[in-house]
Amino acid sequence: MDARCSESLQNDSGILHSINISELLISYLKQLSIEYVFGVPGGAIEPLYNALAQSERDGGPRSIVARHETGAAFMADGYASQTGRIGVCCATTGPGATNLLTGVASAYANNVPMLVITAQTSLTTFGKGAFQESSCTGVNIVGMFEFCTRYNTLVSHADQFERKLVAALMTACGSTPGPVHLSLPLDVMRSVTNRAAPSYDIVRLLDRPAVHDAEALHLLFSMLSDAKSIVFVIGEGASEAIGSVLTAALLLNAKLVTTPHGKGLVSPYHPSFFGVVGFAGHSSAIDVLKDPELDTVVCIGTTLGEWASNGWDADLLLNDRLIHIDEQENNFTYTPMARLHVRGRIVTLFEQLLRHLNTLSREAGEEQPGPPSAPPLNDGVYNFTLDDEAGFRDNDKPIKPQRLMYELSRMFPPHTRYYADTGASFAWAIHYLHPFDRRMMGSRNAHGGLFRACLEFSSMGWAIGCSVGAALAKRDQPMVCITGDGSLLMSGQEITVAVQESLPIIFVVLNDSSLGMVKHGQRLAGAEPVGTDIPPVDFAASARSMGADGYTVHSPKDLLVLDGKLLTLQSRPALLDVYIDREAVPPISSRIRSLKGGV
Ligand SMILES: Cc1ncc(C[n+]2csc(CCOP(=O)(O)OP(=O)(O)O)c2C)c(N)n1
């Protein structure tokens, strides 16, 4: 326990006093350097908010109040993925906890480490029809969280708390990370413990050892040295190791493609990069993987589920050319056909691989090259193929979403983080958003990459909350959230949190007065055109009404006018209400094939 925390536990005479369960919980968060607890307060969770108020005065973790509990969970997701720490969210009993569920399920599907705290009415009221009772005799909150958490328990006595909390935190950060849930009755949260400080050193317990499967690694060395033609498929799990991965690719003369999640890890202008494989990906990536000369496909840090595997494509990926390298062992269950599974911390595995490659060249008498230098940026020249190159350059009004992505790539600095929301937004962004001067050799970024989309659970509005949590984690980095008008109407209230917290996030709304992805999906699939109209809304005005800046965009020219203005915003969000060409068809054909059962 650090000095500041122990000071707060001293009474006037300087003697340590015991703390209650809520305060003990905060002490653990403090040990883990967690700065925020995202949630919405209520009667049953008051002891936790009391502890947070005191903690804020002491300079410890503080509360961020979301407008809706799902937004709170999305914020915790954004915070976790930008910091590598556990995201923490909380809700009161009853509707607070049920509102939280979608955000927690999203984190479960995406393996995001998250501590979820919900309140219960006091133990003594269970079974008596208490207001908002959510025990097993009420709406049963623990039951509801069972299928979207990796650890889920009601703490029915104060003495259980510390053990259960530590078990929960260790599970959240385990080999398959994810959300864990503690359900805390009001009286348990208030209970005074017999201690003044945590009894576990949680930082040490959560420290990830750099373990790896040495035998599999040696097999990897020999397979790579026998390989004639190699492609690396880079997933989000390669984030921590991206510098070494790109260096190894250069030494092995391997071509690069990414999964949709891995997109933010490699510069689009890297001379060996051929685009994204899977949902909304590039035909050039498919061509590289279809090359008959190709004998070795190395997938790194990825769940090869529907999106990343191009709809479980056996010709392309899921065959015996595959070597799957991963830290998350659960990911291997998707690749039984792989020639080799190499498990271990990816950064450790690639550092060993680089050492091995250097030894080989030394033994061969080759001059030691030192660390290879970055290949030249292709200066706007790219190897990937766009479905609609003309749309990408189109000058017309209304602006085409393809052109909008081009402009967004150009308008913001290289280290900008982009969040693309569920709907046509993430399809347009995966295919057409190619920011300049991104990852090349040797650059490292431990957590989260520069692009995120929620492809697995795919909740509308995820990017809005997530970008708020991410911006709190990385206040000094530009953040752009690309979303749809339907998603904004579902979750746009969280922009007021960005206003309250002075976060200069740029919210870009693809305004097409429709649930665009569904509308285009219905057209492509020949289904009934039903249920997709949204009435016209002036989102720029609504942003201004919330205290953000709001701008309306109809054409590429309007963006040019805005260009410099947006980057001078230091202390408040801005929203670009972009009236896009409603008829432009997003690159979602793989989704349509899968809905038709054609995979
Ligand atoms: C919470 C939730 N409800 C419904 C869906 C199904 N769905 C997927 S995309 C989409 C349309 C999204 O519309 P909008 O936010 O306007 O984005 P657009 O596709 O028009 O860019 C819907 C309804 C979903 N993914 N999540």
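Two strands are taken to pair if DSSP finds at least two bridges between them. Helices (H or I, at least four residues) and strands (E, at least two) are DSSP runs, numbered from the N terminus. The model is predicted, with local features requiring pLDDT of at least 70 and side-chain atom pairs counting only at pLDDT 80 or more, while totals for chains, interfaces and linings use all residues. Residues are numbered from 1 along each chain as its sequence is written, and side-chain values use heavy atoms, with hydrogens and water left out.

On this basis, strands E17 (residues 549–553) and E18 pair in the parallel sense over five bridges, and Tyr551 stands opposite Leu576 in E18. Strand E16 (residues 506–511) also runs parallel to E18, to which it is joined by six bridges; here Phe507 has Leu575 as its bridge partner in E18. Residues are called buried under 20% relative accessible area, exposed over 50% and partly exposed in between (1.4 Å probe, protein chains only). Five of the six residues of E18 (residues 574–579) are buried, so this strand is largely enclosed by the rest of the structure.

Helix H2 (residues 21–31) is likewise mostly covered, with ten of its eleven residues buried. Among them are Ile21, Leu24, Leu25, Ile26 and Leu29, together with Lys30 and Gln31. A polar contact is a pair of N or O atoms within 3.5 Å; within protein, one must be able to donate a hydrogen and the other to accept it, and residues adjacent in sequence count only if both atoms are side-chain atoms. The N-terminal end of H2 is capped by Asn20, a side-chain oxygen of which lies 3.0 Å from the backbone nitrogen of Ser22. Ser33, which follows H2, has a positive phi, near 60°.

The ligand is surrounded by 18 residues, a residue being near a molecule if one of its heavy atoms lies within 4 Å of it. The closest are Ser458, Gly486, Ser487, Gly516 and Met517. A polar side-chain atom of Ser487 is 2.7 Å from an oxygen atom of the ligand, and a backbone N or O atom of Ser514 is 3.1 Å from an oxygen atom of the ligand. A nitrogen atom of the ligand lies 3.2 Å from a polar backbone atom of Met460. Of the 590 Å² of accessible area that the ligand has on its own, the protein covers 77% (Shrake-Rupley method, 1.4 Å probe). Helices H16 (424–432), H18 (485–491) and H20 (516–525) are the elements that give two or more residues to the shell, and H18 gives the most, with four residues.

Rings of Phe, Tyr and Trp (its six-membered ring) pair if their centres lie within 6.5 Å; planes under 30 degrees apart count as stacked, over 60 as edge-to-face and the rest as tilted. By this rule there are 13 aromatic pairs. The rings of Tyr269 and Tyr382 have centres 6.3 Å apart and planes at 55°, so the pair is tilted. Tyr269 lies in the loop between strands E8 (255–258) and E9 (273–276), and Tyr382, 113 residues apart from Tyr269, in the loop between helices H13 (346–363) and H14 (389–393). Tyr269 counts as buried at 4% relative accessibility, as does Tyr382 at 17%. Together with Phe273 and Phe384, Tyr269 and Tyr382 form one aromatic cluster.
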